[in-house]
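Colleague: I am new to reading protein structures, and I would like to learn it one feature at a time. Could you walk me through this one?

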Amino acid sequence: MPSLSEAFRGHPVYLHQKHPDFNSLQELPDSYAWSQPEDDHHTNACPSNDSTVPVIDFNDPNAPNLVGHACKTWGVFQVVNHGIPTSLFSDIQRATLALFSLPLHQKLKAARSPDGVSGYGRARISSFFPKLMWSECFTILDSPLDLFLQLWPQDYAKYCDIFVEYEAAMEKLAGKLMCLVLASLGISKEDITWAGPRGEFNGACAALHLNSYPSCPDPDRAMGLAPHTDSTLLTILHQNNVSGLQVLKEGDGWVAVPPLPGGLVINIGDLLHILSNGLYPSVLHRVRVNHTRQRFSVAYLYGPPANVQISPHVKLVGPTRPAIYRPVTWNEYLGTKAKHFNKALSLVRLRASINGLFDVNEDHNSDFQVG
């Protein structure tokens, strides 16, 4: 069976700049200095209630309808009362801080190879931009054991246990979220062949992606993570109590997604955009940095089995709404995204419009520019 790593192996990313020690930089190097994007003038720093990312109580009897509205109008929402204990969030924050606090030479012992997925490095999307991003990341695909042996030869076991427990909790939650999202589309888990006989989505593929955004000497000219959509079905994001995440909302510009105690951010990814036949847009998002505080986040990147074809679901296709995407596996789509970045969705699109109306969210996905 194809693995996710094969998609990246076929499209290596060579980042020739040396990894910096952010703590030693007192000024922003020119290689990290982004010109002020025009759309920064449309950042919504104080959104109204109608311009605030929805917060949904997982136990609300009306949750499927609320999720559907959030997915259709935002492509992102926050969820609370999801059943993940706060102690596990405390543990994962402590472990993430310990990892990124290691000396640079130690972190580089677990450096990601150009054609690899797992390990320490920069965001893979860095290769699509002329300027570097003020961040570092660490990806875990499958077991963290080999990587953590490099980082913590003596203490690897306790950190492995934390990440294994966190990943198991995320896997269980992702299955529940998929059921909610599908229900909001009028699709049952029995309608998804790869969900398994009990509808538990046990065949799903996933990865953990840790991000660190150090405090920055000139945050207004720096970018933590450039605008992009995720290649997933869903992304479940835990963030510490430092703001920085922003999503692009039509009519409102960039809207902050503030950290919510015990909350998790749920992003709709490109594959769910395809499965929903464009009804639920994958959300364009970015991360800005600040002068005094370091931001951490842990993203659970959730998708189908690597070789399962994802296409607009038959219940969402008809004479008045034809399929607008061709079938594609996550493996194939990751390869397309690795080559074409935010133009990947348009490259698997069958037709440009639905009854004269363009598909949501596709026109601006490739418009962000840097000077």
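Colleague: How many residues are in the largest nonpolar core, and which of them touch the most other members?

Modeller: A nonpolar core is a set of buried Ala, Val, Leu, Ile, Met, Phe, Trp, Tyr and Cys residues joined through side-chain atoms within 4.5 Å. Buried means under 20% relative accessible area, exposed over 50%, and partly exposed in between, with a 1.4 Å probe and protein chains only. Here the largest nonpolar core has 78 residues, and Phe-138, Phe-148 and Leu-264 touch the most other members. Helix H6 (residues 156-184) gives the largest share of this core, 14 residues. Helices (H or I, at least four residues) and strands (E, at least two) are DSSP runs, numbered from the N terminus. Please keep in mind that this is a predicted model: local features need pLDDT of at least 70, side-chain atom pairs count only at pLDDT 80 or more, and totals for chains, interfaces and linings use all residues. Residues are numbered from 1 along each chain as its sequence is written, and side-chain values use heavy atoms, with hydrogens and water left out.

Colleague: With which residues is Phe-148 in contact, leaving aside its neighbours within four places in sequence?

Modeller: Contact means heavy atoms within 4.5 Å. With those neighbours set aside, Phe-148 is in contact with Leu-99, Phe-138, Ile-140, Pro-153, Tyr-156, Tyr-159, Cys-160 and Phe-163.

Colleague: Now for charged pairs. How many salt bridges are there?

Modeller: A salt bridge is a side-chain nitrogen of Lys or Arg within 4 Å of a carboxyl oxygen of Asp or Glu. The count by this rule is eight. In one of them, the side chains of Lys-131 and Asp-30 meet, at 3.4 Å from N to O. Lys-131 lies in the loop between strand E4 (119-121) and E5, and Asp-30 in the loop between H1 and E1, so the pair ties together parts that are 101 residues apart in sequence. Lys-131 counts as buried at 14% relative accessibility, whereas Asp-30 counts as exposed at 59%.

Colleague: Which parts does the salt bridge of Asp-191 and Lys-315 tie together?

Modeller: Their closest N and O atoms are 2.8 Å apart. Asp-191 is in the loop between H6 and E6 and Lys-315 in the loop between strand E14 (309-310) and strand E15 (328-329), so parts that are 124 residues apart in sequence are tied together. Asp-191 is partly exposed, with a relative accessible area of 27%, and Lys-315 is partly exposed too, with 49%. Asp-218 also forms a salt bridge, with Arg-221, the closest N and O atoms being 2.7 Å apart.

Colleague: Last, the backbone. What is the phi of Asp-142, and where does Asp-142 lie?

Modeller: Most residues other than glycine have a negative phi. Asp-142 has a positive phi of about 70 degrees although it is not a glycine. Asp-142 lies in the loop between strand E5 (136-140) and helix H5 (145-151), and Asp-142 is exposed, with a relative accessible area of 59%.

Colleague: Is Phe-341 buried or exposed?

Modeller: Phe-341 is buried, with a relative accessible area of 9%. Phe-341 has a positive phi of about 55 degrees, and its place is in the loop between helix H8 (330-340) and helix H9 (344-347). Within H8, the buried residues include Trp-330, Tyr-333 and Leu-334.
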